[in-house]
Amino acid sequence: MTDSRTARDEPLASSPEPKQCNEPCPVERGMRILGGKWKASILWHLQAGPTRFNALSRELGGASKKMITERLKEMEETGLVSRQVIATKPVAVTYELTPFGHSALGILESLHDWCVDHDV
């Protein structure tokens, strides 16, 4: 009988054993907040400062306005972004990162660098 395991299946000698997650672990909780289609892209595009909805929609390209609206609402509920209605004619809405949202940018920068480094 041959062993079908590969080197990928073997833990690295220097790597600590992963801790068991009984409840949603920190990684899972984080993914629940940052995961989901378009959320990371929205965060990435809002890092330069307050952005009007239509400008954000143009920057995201393939996302429908309905999808962007849903994601922004979720992100506002979790405290990643804040929404401001500007009383102009027509009414304008801008979104910007909260301090909590800004704190996630380091994660996105690491993900960006990882993708570039590994040609992903």
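**View 1. Strand 2 and strand 3 form a hairpin with five residues between them.** The model is predicted: local features need pLDDT of at least 70, side-chain atom pairs count only at pLDDT 80 or more, and totals for chains, interfaces and linings use all residues. Residues are numbered from 1 along each chain as its sequence is written, and side-chain values use heavy atoms, with hydrogens and water left out. Helices (H or I, at least four residues) and strands (E, at least two) are DSSP runs, numbered from the N terminus. Strand 2 and strand 3 run antiparallel and are joined by six bridges. Val85 stands opposite Val93 in strand 3, and Ile86 stands opposite Ala92 in strand 3. Pro90 lies in the loop between the two strands, strand 2 and strand 3. The peptide bond that leads from Lys89 to Pro90 is cis, with omega near -5°. Most residues other than glycine have a negative phi, and most peptide bonds are trans.

**View 2. Three strands make an open sheet in the order 1-3-2, with antiparallel pairing.** Two strands pair if DSSP finds at least two bridges between them. Strands of a sheet pair through backbone hydrogen bonds, either parallel or antiparallel. Strand 1 (51-52) and strand 2 (81-86) are the edge strands, and each pairs on one side only. Two bridges hold the antiparallel pairing of strand 1 with strand 3. In this pairing, Arg52 stands opposite Thr94 in strand 3. Five of the six residues of strand 3 are buried, so strand 3 is mostly covered (buried means under 20% relative accessible area, exposed over 50%, partly exposed in between, with a 1.4 Å probe and protein chains only).

**View 3. Helix 1 (residues 26-34) and helix 2 (residues 39-46) pack at an angle of about 70°, and their axes are 8 Å apart.** Axes are lines fitted to C-alpha atoms, for helices over the stretch in contact, and angles run from 0 to 180 degrees between N-to-C directions. Helix 1 and helix 2 are therefore roughly perpendicular (angles under 35 degrees count as roughly parallel, over 145 as roughly antiparallel, 65 to 115 as roughly perpendicular and the rest as oblique). Arg32, Ile33 and Leu34 of helix 1 meet Lys39, Ala40 and Leu43 of helix 2; contact means heavy atoms within 4.5 Å. The residues of this contact between helix 1 and helix 2 are four nonpolar, no polar and two charged (Ala, Val, Leu, Ile, Met, Phe, Trp, Tyr, Cys and Pro count as nonpolar, Asp, Glu, Lys and Arg as charged, and the others, Gly among them, as polar). Trp38, in the loop between helix 1 and helix 2, has a positive phi of about 85° although it is not a glycine.

**View 4. Helix 2 has the buried residues Lys39, Ile42, Leu43 and Leu46.** They cover an arc of only 100° around the axis, which puts them on the same side of helix 2; the arc is that of the directions from the helix axis to the C-beta atoms. An α-helix has 3.6 residues a turn, so residues three or four places apart point the same way.

**View 5. Thr98 is found in the loop between strand 3 (92-97) and helix 5 (99-103).** Thr98 is buried, with a relative accessible area of 15%. Not counting residues up to four places away in sequence, Thr98 touches Gly79, Leu80, Val81 and Ser82. Thr98 and Glu76 are 22 residues apart in sequence and 9.1 Å apart in space, C-alpha to C-alpha.
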